[in-house]
Protein chains: 4
Amino acid sequence: MHKIPVGVLGASGYAGRELCQLVLRHPALELTFATANERRGQLATIAGRELRFIAGDDAPLAAAELVFSALPHGASSEWVARAAAEGCRVVDLSSDLRPGNDYAGNAPYGLTELARPAIPNAPVVANPGCYPTAILLAIAPLLSEGLVEPGSAISIVAASGVTGAGASPRPDLLFAEIVEDYRAYAVGNAHRHLPEMRAMVHSLGADVDLIFTPHLLPVSRGILATITVPLVAPLGDVMAPWREAYAAEPFVELSDRAPSLRDVVGRNVVRIHATPLANVRRPALLIVSAIDNLMKGAAGQAVQNGNLMLGVPEAQGLPS
Amino acid sequence: MHKIPVGVLGASGYAGRELCQLVLRHPALELTFATANERRGQLATIAGRELRFIAGDDAPLAAAELVFSALPHGASSEWVARAAAEGCRVVDLSSDLRPGNDYAGNAPYGLTELARPAIPNAPVVANPGCYPTAILLAIAPLLSEGLVEPGSAISIVAASGVTGAGASPRPDLLFAEIVEDYRAYAVGNAHRHLPEMRAMVHSLGADVDLIFTPHLLPVSRGILATITVPLVAPLGDVMAPWREAYAAEPFVELSDRAPSLRDVVGRNVVRIHATPLANVRRPALLIVSAIDNLMKGAAGQAVQNGNLMLGVPEAQGLPS
Amino acid sequence: MHKIPVGVLGASGYAGRELCQLVLRHPALELTFATANERRGQLATIAGRELRFIAGDDAPLAAAELVFSALPHGASSEWVARAAAEGCRVVDLSSDLRPGNDYAGNAPYGLTELARPAIPNAPVVANPGCYPTAILLAIAPLLSEGLVEPGSAISIVAASGVTGAGASPRPDLLFAEIVEDYRAYAVGNAHRHLPEMRAMVHSLGADVDLIFTPHLLPVSRGILATITVPLVAPLGDVMAPWREAYAAEPFVELSDRAPSLRDVVGRNVVRIHATPLANVRRPALLIVSAIDNLMKGAAGQAVQNGNLMLGVPEAQGLPS
Amino acid sequence: MHKIPVGVLGASGYAGRELCQLVLRHPALELTFATANERRGQLATIAGRELRFIAGDDAPLAAAELVFSALPHGASSEWVARAAAEGCRVVDLSSDLRPGNDYAGNAPYGLTELARPAIPNAPVVANPGCYPTAILLAIAPLLSEGLVEPGSAISIVAASGVTGAGASPRPDLLFAEIVEDYRAYAVGNAHRHLPEMRAMVHSLGADVDLIFTPHLLPVSRGILATITVPLVAPLGDVMAPWREAYAAEPFVELSDRAPSLRDVVGRNVVRIHATPLANVRRPALLIVSAIDNLMKGAAGQAVQNGNLMLGVPEAQGLPS
């Protein structure tokens, strides 16, 4: 069978390597090139195959039908434009083109389950951030149904494995600095993923604030979000909003107990559990959602979007 | 110098061993006995010394001036009574005697910084739970000053190292089950520490609800609590309530950045940081507090209370 | 396609669960039953499917063509006999039937690469231990070629992840006891895997002693063996013995650098590297070999043997 | 009491920070300066105190009686000379001045227990490497008593926590690269600590080879060495050589079971266990020794030597 040629820009980071792995194992795609400027010329073993990184400037963009950009924020938008000028379609994993960010434009925000109609024909898709994926898929059914108390604040505490911070060597990400520790960061609503979350909350018609505090976990992969949502009224059938919204979704799992990282690591899924809060006078829900930050939170969702753009079955090549 | 004889009931669990260690290193205390029914007769090496566990029924209670009970919840209250009948004073680390629990009575709730006057003359002190210690010390200055919006809910997400779950062998606490995982438990306001927290919140005169979701971390020690507090009005000097409340406290540390577990592990302190929340329409604070669950959250605070009961300087024998 | 019915005895341990997972994903096998006496009646989610454990006495042995026994050492041999009496063929993962052990008899020792001709027609196969698999596959090519100095001792230091110690709750295997620790055990040549290793060394015609010291690692899976071998003479082409012995082997990987656990975890392979030792007067080699203790060291090799016994392609259903 | 002024060169690495901590807590020493070129001007919190790093060129060398150099190998010897020119005595933690290395000269090799008489009056002491400390203290009593078979090879497998690799950010030392992994490195007798070990073995009069294979553990601190030693003859009282050699040593612990990392982390000790090897035709011992690589393997031993040089009690300021 003829395979569709795709390229990966920024292939040496954690998301980039995961992308290469997914493409190499994908039955309908072939990896035409993988760029990594600082490691140009070096060999990497990915998915059992040897792969040689090339410099970005040497990438045969025109030879690829679709390019995944896992370049850093700020550096990606320029390459999206270069790839588009060469006739490539692009899934951009950086934040550059996402709503509320520096170069945001017409690219649909590729939270696939909420944006599916816009993806197939888009020249460029802005792949969501990892935290927003875990959080927005968890709260969207409540927001779009008008179940959240207007004017209230949704309080989100999320924790991520260290691959979420990237593969660049940073002294604070060394093993000896992370093991046996746990900490909050970007406290006070200072995280750079908030603009895209707020933009999506508003686009779903909800008038609520977000309070978001991320944490760094001593694990390599996974995000768990613990979300408190003030409700307009108690829900009779608590899981009904998610069951209805995601009835046909292959990558959304509803759970009758709070999910853990192990339930999702290695798979392109979000797993969601909601439970009413006892002993509070105003009705509220506690939601726990979990994803693999490199799969549904990055490379997996990028391939999911790429599949739709290329006319390939949406779930192909993705572990669920 | 004459040392004061003390005993430890339930010495083989994590809190019990930490108690033995603190007592063995304490300049004014000596360890008269350490009980551990299932390990009776066995030797343990603690603080560089060999210690032989005895059965509870063999404990020479009358020989101790003060007894620390680290027995399990439900089993402790009976032993508190036995020790009291033998003339011992008692610090009970179980939840039995805490406000809102099964055998709660007149024993003061030994969150030392909030209860100091009641401790020295109490025959029995109910040592607080680990989560309540981290949380109540973090929110008490706001509650007692009337700064929290009446009728609102304080949302608390806390994460604990696995020693918080005890040393009894449970399949779900094996290394291979915990490493690379993270999960919520007791979701929906179902944790057994909530009654004592609610009782204390009300005793501070505050009319607020609590939403509390604990999590299990792949670390051995430490608790980090991330707390969202709706305010009556914005605070000008954000840290002022804590500075004023804890000005003279040797075991409360205020921090200008969010603390991490490493900042506190091995020390009998709580470390607190608060920051205003940006981009929300109703004023709110984000507080992060951290303790070592076995020190300020259990054995350290127990010794702090024991020092007060025995007329020993409060900070003696405690790493800060 | 008709699938071959197989059963798993002792399915709730780590090897048993891995077996169930491999069988459930195997294109030619179907899982007829899975026993776990202490968890009888309980549901487990394995490979995305819900599986209900039954008691051993309720197992429909006669309905299975082949049974994998992951029962504990000492308990397994009785069940091998019961299954054989019901007409089942058996792969026994316990040590009971291995050479040098209590019930050793005619069952071939299923280190597949060294025993392939004996497997297809054997009624019962004794699946090797995890350490012996990592070690014997690493040294066999030297032993069978007469390259090891007669009368010398091969010195083996091996380290295993904690799943090698089983899933029974033991206080010393709790997360808080394992993290940040590392230790040797069974020092002085006291490990129970030595008899089968010695028996195999002698069966390969070598007259050498073994010195074996296992260690416990703070990781969940994987074994790494570091082996010092005195040679008759220096080797010109160091890797030649392995290249020749394993030329056609799908599950043996030769490496030009020392393997790490990550190179093998999740796959049914052994990965081997050998290098000559500099600055020693007698010629010697340093070999490093790595396996996943639950795959090539247990369940994977068991399925590899089962495939041969059932006439299924040897590599089917096995990740390599 | 007047405290003795000392300085630390290279204070931002793991050994440098440990040195600062030990000096800050030392009853007889005071920290005059701490250099860290790349972090000059930055504040660090060490031992509860704020410390400001200065550039090496700004260090008031003449103000210190003794300087500890934790500078990198290759960079240290120049600074040893500069400090000596300013009248300072020096403990050099780098390998530069150790026997068998580039700038080796007259500086005694400060493996304190084997070199005590040479330390007090030495202007400069070459502090041993972490692996050599764990290994040489373990085998010295056998070597000096002539108990090791002449012409044989001692086979050493050692494993170290990641702080042994330093605090410089390296991609392969990131948490996500180390957790759940374990690997050998410098295989084939290629480690840079071998020259100093060989030099010391020869200085003890032994005619034996060394085979040394280091490994990287997923822990932050600690070294465990597993050592196979061919003997001239079986030993009647196995631990006698160590008991006799180390009878008066405050920092050598003999153990009746194999030590683990936890037995030594945080303390300036080496812990040693030896056991005869069963079922081998030539007599041999298996020794396991453990140290904290940053304490007895680096900063602790440096302070131990510094104490001797300054006429301070040898054990002062050192946790044992």
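Author: Start with Gly7(C), which stands opposite Val67(C) in strand 5 of chain C. A caution before going on: this is a predicted model. The strands that carry this pair are strand 1, residues 4–9, and strand 5, residues 66–69, both of chain C. They run parallel and are joined by four bridges.

Now step back to the whole sheet. It is open and has five strands, all in chain C. Read across, the order is 2-1-5-6-7, with parallel pairing. Which strands stand at the edges? Strand 2 (29–34) and strand 7 (124–126) of chain C do. Each has a single partner strand, so one side of each is left without a neighbour in the sheet. From one strand to the next, the twist averages 20°.

A helix lies against these strands. Helix 2 of chain C, residues 76–85, packs on the sheet. The strands that helix 2 touches are strand 1, strand 5, strand 6 (89–92) and strand 7 of chain C. The direction of helix 2 makes about 165° with that of strand 6 of chain C.

Further along chain C comes helix 8, residues 295–310, and Met295(C) lies in it. Is Met295(C) buried or exposed? Met295(C) has 31 other C-beta atoms within 10 Å. Burial takes 20 or more. Met295(C) is therefore buried. Setting aside residues up to four places away in sequence, Met295(C) touches Gly266(C), Arg267(C), Asn268(C) and Gly300(C). Val187(C) is another matter: 108 residues separate Met295(C) from Val187(C) in sequence, and their C-alpha atoms are 26 Å apart.

Chain C also meets chain B. Here 14 residues of chain C are in contact with 14 residues of chain B. On the chain C side, 11 are nonpolar, two are polar and one is charged.

Next, the contact of chain B with chain A. It takes 41 residues from chain B and 41 residues from chain A. On the chain B side, the elements that each supply at least two residues are strand 8 (153–160), strand 9 (183–184), strand 10 (209–216), strand 11 (223–230), strand 13 (270–276) and strand 14 (284–291). Strand 8 of chain B gives the largest share, four residues. By class, this side of chain B has 22 nonpolar, 12 polar and seven charged residues.

Strand 11 of chain B deserves a stop. How many of its eight residues are buried? Eight of the eight are. In a regular strand, side chains alternate between the two faces of the sheet. In strand 11 of chain B, both faces are covered. Ile223(B), Ala225(B), Ile227(B) and Val229(B) are buried on one side. Leu224(B), Thr226(B), Thr228(B) and Pro230(B) are buried on the other.

Strand 11 of chain B also has paired strands. With strand 8 of chain B it runs antiparallel, over six bridges. In that region Ala158(B) stands opposite Ala225(B). With strand 14 of chain B the pairing is again antiparallel, over eight bridges. One of the facing pairs there is Ile227(B) with Ile287(B).

Last, chain A. It has eight helices and 14 strands. Its radius of gyration is 19 Å, close to the 20 Å that the globule rule gives for 320 residues, so chain A is as compact as a globular protein of that length. The C-alpha trace spans about 60 × 45 × 35 Å along its principal axes. Buried residues make up 59% of the chain.

Chain A is divided into domain 1 (4–127 + 297–310) and domain 2 (130–293). Their centres, taken over C-alpha atoms, are 25 Å apart. The contact uses 17 residues of domain 1 and 24 residues of domain 2. On the domain 1 side, helix 3 (112–115) and helix 8 (295–310) of chain A each supply at least two residues. Helix 8 of chain A gives the largest share, five residues. This side of domain 1 has six nonpolar, nine polar and two charged residues.

How values were computed. Residues numbered from 1 in each chain as written. Chains lettered and ligands numbered in written order. Predicted model: local features only at pLDDT ≥ 70, side-chain atom pairs only at ≥ 80, totals over all residues. Pairing = 2+ DSSP bridges. Axes fitted to C-alpha atoms, helices over the stretch in contact; angles between N-to-C directions. Contact = placed C-beta atoms within 7 Å. Domains from an automatic or database assignment. Nonpolar A, V, L, I, M, F, W, Y, C, P; charged D, E, K, R; others polar. Buried ≥ 20, exposed ≤ 12 C-beta atoms within 10 Å, placed from the backbone. Rg over C-alpha atoms; globule rule 2.2 N^0.38 Å.
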